[in-house]
Amino acid sequence: HTRERHQFGQPLAAVQAVAHQLADVATTVEVLVLAVERATADPDPLRAAVAAVLALEEAPGAGQRLHQVSGAAGLYADHPLARLTPRILAATVALGPGERHLDRILESP
């Protein structure tokens, strides 16, 4: 969407503020992917707790930033964000409170 929509005579993705938001989201996604990959490669409860805390802390904000830069397009049923947002919300509910995972991290040897 941000490559196709033009503002100020250029693609929205070329606007520096939008590009920075997209870069932040890309970085967040990479960190989350690495955390989940490490947690699944070695079923260590500490790694799982760290991945859960990262997901709970970062995924909702990343989704909000994507909605912000895409404007109302993310509300259309055929837009990828319309499918992503409920998945983020469901994951945060399934993971439970972040404090529980933080306690696991603090209690680990």
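In which helix does Ala62 lie? Ala62 lies in helix H2, where helices are DSSP runs of H or I with at least four residues, strands are runs of E with at least two, and both are numbered from the N terminus.

Before I go on, a word on what we are looking at: this is a predicted model, in which local features need pLDDT of at least 70 and side-chain atom pairs count only at pLDDT 80 or more, while totals for chains, interfaces and linings use all residues. Residues are numbered from 1 along each chain as its sequence is written, and side-chain values use heavy atoms, with hydrogens and water left out.

To return to Ala62, this residue is buried, with a relative accessible area of 7%; buried means under 20%, exposed over 50%, and partly exposed in between, with a 1.4 Å probe and protein chains only as cover. The C-alpha atoms of Ala62 and Val25 are separated by 5.3 Å, although these residues are 37 apart along the chain.

Let me turn to the chain as a whole. The chain has four helices and two strands, and along the sequence they follow the pattern β-β-α-α-α-α. The radius of gyration, taken over C-alpha atoms, is 17 Å, well over the 13 Å that the globule rule gives for 109 residues, so the chain is more spread out than a compact globule; that rule is 2.2 Å times the number of residues to the power 0.38. The C-alpha trace spans about 55 × 25 × 25 Å along its principal axes, and of the 109 residues, 25% count as buried.

Next come the charges. The structure holds one salt bridge, that is, a side-chain nitrogen of Lys or Arg within 4 Å of a carboxyl oxygen of Asp or Glu. Asp42 forms this contact with Arg47, and the closest N and O atoms are 2.7 Å apart. Asp42 is partly exposed at 35% relative accessibility, and Arg47 is partly exposed as well, at 28%.

Finally, there is a surface patch of negative charge, in which Glu57, Glu58, Glu99, Asp103 and Glu107 gather; patch residues have over 30% relative accessible area and no salt bridge, and like charges are joined within 9 Å. Helix H2 (45-70) and helix H4 (98-107) are the elements that give two or more residues to this patch, with the largest share, three residues, coming from H4. Glu99 lies in helix H4 and is exposed, with a relative accessible area of 54%.

Key: Patch = residues over 30% accessible without salt bridge, like charges linked within 9 Å, V, L, I, M, F, W, Y side chains within 5 Å. Areas by Shrake-Rupley, 256 points an atom, 1.4 Å probe, with all protein chains shown as cover. Lys, Arg positive; Asp, Glu negative; His and termini not counted. Charge placed at Lys NZ, Arg CZ, Asp CG, Glu CD.
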